[in-house]
Amino acid sequence: QQGFRLGDRTVYPALNRVVAGDDELTVEGKVMDVLVVLALRPGAVIPKNELLDTVWPNQAVSDGVLVRAVHELRSVLGDSSHESRYIETVPRVGYRLLEQPAPIEPSKKANRPGFRWHIAAATIATVAVCAVTWQLLRPDPGE
């Protein structure tokens, strides 16, 4: 359920979101599930029946539900069935993810030199302020 990059898109399965630049697009859960199944086996042709059984288990649904889900994914990804960049239709068989998903890189902010030092310094300062305040406000044992 970790997010991943797919070309110039960032996919967040747990949030059902696809981010493209400044645009955040939300998709239905089952539509995201189709993308995740394809992303788990990039380059492999996933048969329609396998996709239907995986995403809609124990439900009687038609191929049209899958076709609609793939159409929505193509729309969100900026893809086309005629010039596929992300999802290829293999006629009478299934679908294939053409792009290799890549893990999302950790935030550059968190990797910046000295970033952790600032957190440590702020923590030490907070503890010091609390200790001085406690010393000043504690009751005198002789009273």
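This is a predicted model: local features need pLDDT of at least 70, side-chain atom pairs count only at pLDDT 80 or more; totals for chains, interfaces and linings use all residues.
**Stop 1: the open sheet.** Start with the five strands of the open sheet and colour them in the order β4-β3-β2-β1-β8. Their pairing is antiparallel. At the edges of this sheet are β4, residues 23-26, and β8, residues 102-103. Each of these two strands pairs on one side only.

**Stop 2: β3 against β4.** Select residues 17-20, which form β3. Four bridges connect β3 to β4, and the two strands run antiparallel. Within this pair, show arginine 17; opposite this residue, in β4, is threonine 26.

**Stop 3: the β6-β7 hairpin.** Move on to β6, residues 87-90, which is joined to β7 by four bridges in an antiparallel arrangement. Valine 90 has glycine 94 of β7 as its bridge partner. The two strands make a hairpin with three residues between them. Select arginine 92 in the turn: its phi is positive, about 60°.

**Stop 4: β5 against β7.** Next select β5 (residues 45-47) together with β7 (residues 94-97). Three bridges link these strands, again in the antiparallel sense. Opposite isoleucine 46 you will find tyrosine 95 in β7.

**Stop 5: tyrosine 95.** Stay on this residue of strand β7. Is tyrosine 95 buried or exposed? Its relative accessible area is 4%, so tyrosine 95 counts as buried, the cut-off being under 20%. Finally, draw a C-alpha to C-alpha distance from tyrosine 95 to alanine 44: the two are 8.3 Å apart in space and 51 residues apart in sequence.

Definitions and conventions:
Residues are numbered from 1 along each chain as its sequence is written. Side-chain values use heavy atoms; hydrogens and water are left out. Two strands pair if DSSP finds at least two bridges between them. Buried means under 20% relative accessible area, exposed over 50%, partly exposed in between (1.4 Å probe, protein chains only).
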